[in-house]
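Visitor: Hi, I'm new to this one. Could you walk me through it?
Guide: Happy to; here it is.

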Amino acid sequence: MLELIKNTNINFLGKKYIAFIFSGILSIIGIIAIVQIATGKANLGIDFAGGTAVQLKFEKPVSLHEVRKVLEDGGLKDIDLQDLPAVNKILIRVKKTEHQLGQISDAIINVISQKLPDNKYSVDSTTLIGPKVGGKLRADAAKAVAVAVVGILIYVAFRFQFKFGVGATIATFHDVLAVLGIFYLMGRETNLILVTALLTIAGYSLTDTVVVFDRIRENLRKRHKEPVEAVMNASINEVLSRTIITSFTVLLTSIALFFFGGEVIHDFALAMIMGVVIGTYSSIFIASPIVLLWGGKRPFGNK
Amino acid sequence: MKKKFFWRILLITVTTILSVVFSLPSTRLFSSMPELWKKYMPDEGMVLGLDLQGGVHLVFEVEGDKAVDITTERIVTRLKDIFEKEGLKAEVKKDNLDIIIQPSGDSDKIKKAVVDNYPNLNLVEGVEERLIYRLTDREINVIKDSSVDQALETIRNRIDQFGVREPTIHKQSTNEIVVQLPGVKDTRRAIDLVGKTAILEFKLPDDENPLAAQLPALISSGEEEKLLQEFASKIPEDDEILFGRDVDKETGRVIKRVYLIKKQTLMTGDLLTEASVNIDTMYNEPYVAISFNAAGAKLFDQITAANVQRRLAIILDNNVYSAPVIKERISGGSAQIEGRFSMEEAKDLAIVLRSGSLMAPLKMLQNVTVGPSLGRDSIEAGIKAGIIGAILVIVFMMVYYRLSGVIADLALVLNIILLVGALSMFKATLTLPGIAGIILAIGMAVDSNVLMFERIRDEIRAGKTPRSAVDSGYSKAFWTIFDSHVTTLITAVVLFQFGTGPIKGFAVTLSLGVAINLFTALVGTKTVFDFINTKREIKKLSI
């Protein structure tokens, strides 16, 4: 048989404090990101912030600079431009909605038609979100994340023991925070698609954690005379290859999505790639040490 | 042993065949199937979401408060008429939602007249010379609720006449209406059609007032606010300035005609029975011909008779469409609305007039419009990413697990077929995130097999024979697989509960993918292994 990882004997739990420092930093960035999102300082998508977005597809290449100048001359303020030069597309966003919905997108289209008459374009999409809807979507997203995490905690606590539930939930929270934090540092947009990715990551990162926990539970029953830490370490080493391979196959499809899935799904795929990698790391370095610290070094009860 | 196989293989075969049959309408292959097949086999597959086929997603808020306001205003007008008819002297005014009546004679008679005609009015304050009435809270709620239902009904009617294939129009929370129009190309026209309040009113221009002569006849579009501010102090209490859209014949620019109009509404569009588009033979311009019911015809007859040689303004949603001079009394019960329309504008106007006005205006909360080309690009990119992702996974599994990897790959293919089949059977809406969900499911589909194979490898290392290694590997991996899938299902369910359109699509594909994956791994792959093992005792497992 072809084995990438054979008979490893790595002291994962011994490295828990290094892991905690590393993950602590990631989580703090994530918490900062949440604060910035809640106070509206982060790069929020139109769906959360409210506003107008118009995506235009031009026939000939067009420069961001040119479009910005034309729009500003046309009296449009607070515009935010993003381009996809490979396909001659430009995304124009206006977050403030003092005007009635609909007027800004009409104004943008009018200005572009008048000032850039030589470069024909088609309107790929327009999105107008009123402030009320944005607020509701934000609240819904926050609720969804909370409900999902609580649901996971309950399930894992029910299937294993409460301390495993705590370990799994903290590791899951860590994964979500880390991806959110990295997105924030990269200046990427926080939108509904990202929240979807975060929830998917939350669900999926548990797959690895459950695999590890399952083996720990099994081994603790068989080798109940040995120290808990040694049994845990051995268990992680035993399941290391499957933890990595299951993540690897999802990573493969996420990478395919990232490179070939098109612009709309690009950030979703990026978040999935990060989430799968971080999720695998956390189920090894975070979830188990927390169970160990929470549960103490006493032999675990049989459940 | 043989019998056990029979049922399992039958189950797999039947589900596969069913899936293929149900999937066919979702693919291009369906159009080349024989007629008999098309007639008797499922002919509806997955529905493409708005983000994939292009179209508009609109959310409106029905402004119920304004419906209450309009109702109050109507009551005030009617009360004035009633008092006049019954010879009662009183001043009637409206202040927000309060109806203030200041009787100059017998207030008891006034009170009686109000109660007789409007039992739904509450006397909130009643000093002798100043009565304040308000609609009861119950009546206000009835008006608000019915304004939402009426808007829903009217929008359905308008969209029907406009002609959109498979529109979705439904209520959301208490006062919001969601309108989804797939495949609509002229989105602005559709939005105008849906969102118009369409209150048609006939009013008189106040041409005798000296202010009428001071007002400019035409202004450029966009200068309305400025003009209103300039004349704000000069407008008489019973008049208002309204505008009408026109096009400058020479320059082709949009201009606004300025009208000084008496506030009193002589007649509204309620009494209308028919509206249709005709072409003016002299100017070759379309106009909308309207006809009234018997009561409307009588009223129109009276109005025109009383105002011969005066102008009559035809106003829709506070825009003056035209204000022709009444040449003679019109008793036939028909009229025409001219307004320099394009053919499409005239058609849409006829539709909104036929389907009637909304009780309350609509406020747009959300508008997501996707052009058809973006949707097409997205589907192509999604399919490409899916195929490449699947190939990567399939090759990896073959290299790493060899023959067992091939079995897992077969299970993966079966998984995709079943997933597409299930989505088609449920006529699920496929969205772009939904496609991403399918692709992710491909990556997760082999996870169960990986967990089992690794477990079997454990057992082989422990010295078991291939057959017992397979059996104990399966039974030991079962709960791990189950647990890890359930956690993904939990988040998928949450996403379904909280998500909007496209996200729901993702939740559906992901959760179906996970559920089907349990089936293909625990039933499908296991059967193949068992089958190989019963044929002959294998010395070495290719894993």
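Guide: What follows is a short chat about helix packing, cores and backbone angles.

Guide: This is a predicted model, where local features need pLDDT of at least 70 and side-chain atom pairs count only at pLDDT 80 or more, while totals for chains, interfaces and linings use all residues. Residues are numbered from 1 along each chain as its sequence is written, and chains are lettered from A and ligands numbered from 1 in the order in which they are written.

Visitor: At what angle do helix 5 of chain A and helix 14 of chain B cross?
Guide: Helix 5 (residues 131–159) of chain A and helix 14 (residues 466–498) of chain B cross at roughly 155°, and their axes come within 9 Å. Helices here are DSSP runs of H or I with at least four residues, strands are E runs of at least two, and both are numbered from the N terminus. Axes are lines fitted to C-alpha atoms, for helices over the stretch in contact, with angles from 0 to 180 degrees between N-to-C directions.

Visitor: Which residues make the contact?
Guide: Among them are A:Val147, A:Gly151 and A:Tyr155 from helix 5 of chain A, and B:Val486, B:Ile490 and B:Phe498 from helix 14 of chain B. In contact means that C-beta atoms, placed from the backbone, lie within 7 Å.

Visitor: New topic: which residues touch the most other members of the largest nonpolar core?
Guide: A:Val179, A:Leu198, A:Ala271, B:Leu353 and B:Leu419, out of 209 residues. Such a core is a set of buried Ala, Val, Leu, Ile, Met, Phe, Trp, Tyr and Cys residues joined through C-beta atoms within 7 Å. Buried means 20 or more other C-beta atoms within 10 Å of a residue's own, exposed 12 or fewer, and partly exposed in between.

Visitor: Which helix gives the most to this core?
Guide: Helix 12 (residues 372–425) of chain B, with 19 residues.

Visitor: What is B:Leu353 in contact with?
Guide: Leaving aside neighbours within four places in sequence, its contacts include B:Ala198, B:Leu272 and B:Ile290.

Visitor: And what is phi of B:Arg402?
Guide: Near 50°, a positive value in a residue other than glycine. B:Arg402 sits in helix 12 of chain B and is partly exposed, with 15 other C-beta atoms within 10 Å.

Visitor: Where is B:Lys427?
Guide: In the loop between helix 12 and strand 20 (429–430) of chain B. B:Lys427 has a positive phi of about 50° too.

Methods: Contact = placed C-beta atoms within 7 Å.
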